Amino acid sequence: VEVLTDGSLIGDTDPTHIVRSTSTDASGNFRMAFLLPGTYVLRATPPAASGFKPALLAGGLTISQGAETSNQVIVVAP
């Protein structure tokens, strides 16, 4: 899972657009800390062997100062 700069596209390969990245646990949950307030693109990239394609969080992600965002769902499709 990657947090990208606002306006990034699903196939964006520019490393300067990646703000932060992490992996999910076995249930698909993840946590990223210390993001600056702002609007971001959230991208999930499944392992190539899974047969699923990368996907973006619909509507993007807006972070407010001192707030925690949860229950965001990214739907990946075969």
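**Note on the predicted model: strands, charges, pocket and loops**

1. Asp12 lies in the loop between β1 and β2. The model under discussion is a predicted one. Asp12 is buried but takes part in no salt bridge. The nearest side chain of opposite charge belongs to Arg43, at 5.9 Å, whereas a salt bridge requires the charged atoms to be within 4 Å. Leaving aside residues up to four places away in sequence, Asp12 touches His17 and Arg43. Arg43 is thus a contact of Asp12 without being a salt-bridge partner of Asp12.

2. Where does the side chain of Arg43 meet a salt-bridge partner? The side chain of Glu2 meets that of Arg43 in a salt bridge, with an N to O distance of 2.7 Å. This pair links distant parts of the chain, since Arg43 belongs to strand β3 and Glu2 to strand β1, 41 residues apart.

3. The pairing of β1 may be described next. Strand β1 (residues 2-5) and strand β2 (residues 18-21) run antiparallel and are joined by 3 bridges. Within this pairing, Val3 has Arg20 of β2 as its bridge partner. Strand β1 is also joined to strand β3 (residues 38-44), again in the antiparallel sense, by 4 bridges. There, Leu4 has Val41 of β3 as its bridge partner.

4. β3 and β5 run antiparallel and are joined by 3 bridges, with Gly38 standing opposite Ile63 in β5. β3 also pairs with strand β4 (residues 55-56) over 2 bridges, in the antiparallel sense; in that pairing, the bridge partner of Ala44 is Ala55 of β4.

5. Why is β3 described as largely enclosed by the rest of the structure? Of the 7 residues of β3, 5 are buried, so the strand is largely enclosed.

6. The largest pocket has a volume of about 970 Å³. It is lined by 36 residues, and those closest to its centre are Phe30, Arg31, Met32, Leu42 and Thr69. The elements giving two or more residues to this lining are β1, β3 and β5.

7. Phe34 has a positive phi of about 65°, although the residue is not a glycine. In general, most residues other than glycine have a negative phi. Phe34 is placed in the loop between β2 and β3 and, at 77% relative accessibility, counts as exposed. Thr69 is one of the residues closest to the centre of the largest pocket.

8. The C-alpha atom of Val73 is separated by 10.0 Å from that of Ala44, a residue 29 places away along the chain. Ala44 is the residue whose bridge partner in β4 is Ala55. Val75 likewise lies after β5; at 65% relative accessibility, Val75 counts as exposed. Val75 and Pro54 are 21 residues apart in sequence, and their C-alpha atoms are 9.0 Å apart.

Note on methods: Residues are numbered from 1 along each chain as its sequence is written. This is a predicted model: local features need pLDDT of at least 70, side-chain atom pairs count only at pLDDT 80 or more; totals for chains, interfaces and linings use all residues. Side-chain values use heavy atoms; hydrogens and water are left out. Two strands pair if DSSP finds at least two bridges between them. Buried means under 20% relative accessible area, exposed over 50%, partly exposed in between (1.4 Å probe, protein chains only). Lys and Arg count as positive and Asp and Glu as negative; His and the chain ends are not counted. Contact means heavy atoms within 4.5 Å. On a 1 Å grid over the protein atoms alone, a cavity is a set of points where a 1.4 Å probe fits but cannot get out, and a pocket is an open set with protein on both sides within 12 Å along at least five of seven lines; lining residues have an atom within 4 Å of a point. Grid points are joined across faces, edges and corners, and a volume is the space filled by probe spheres set on the points.
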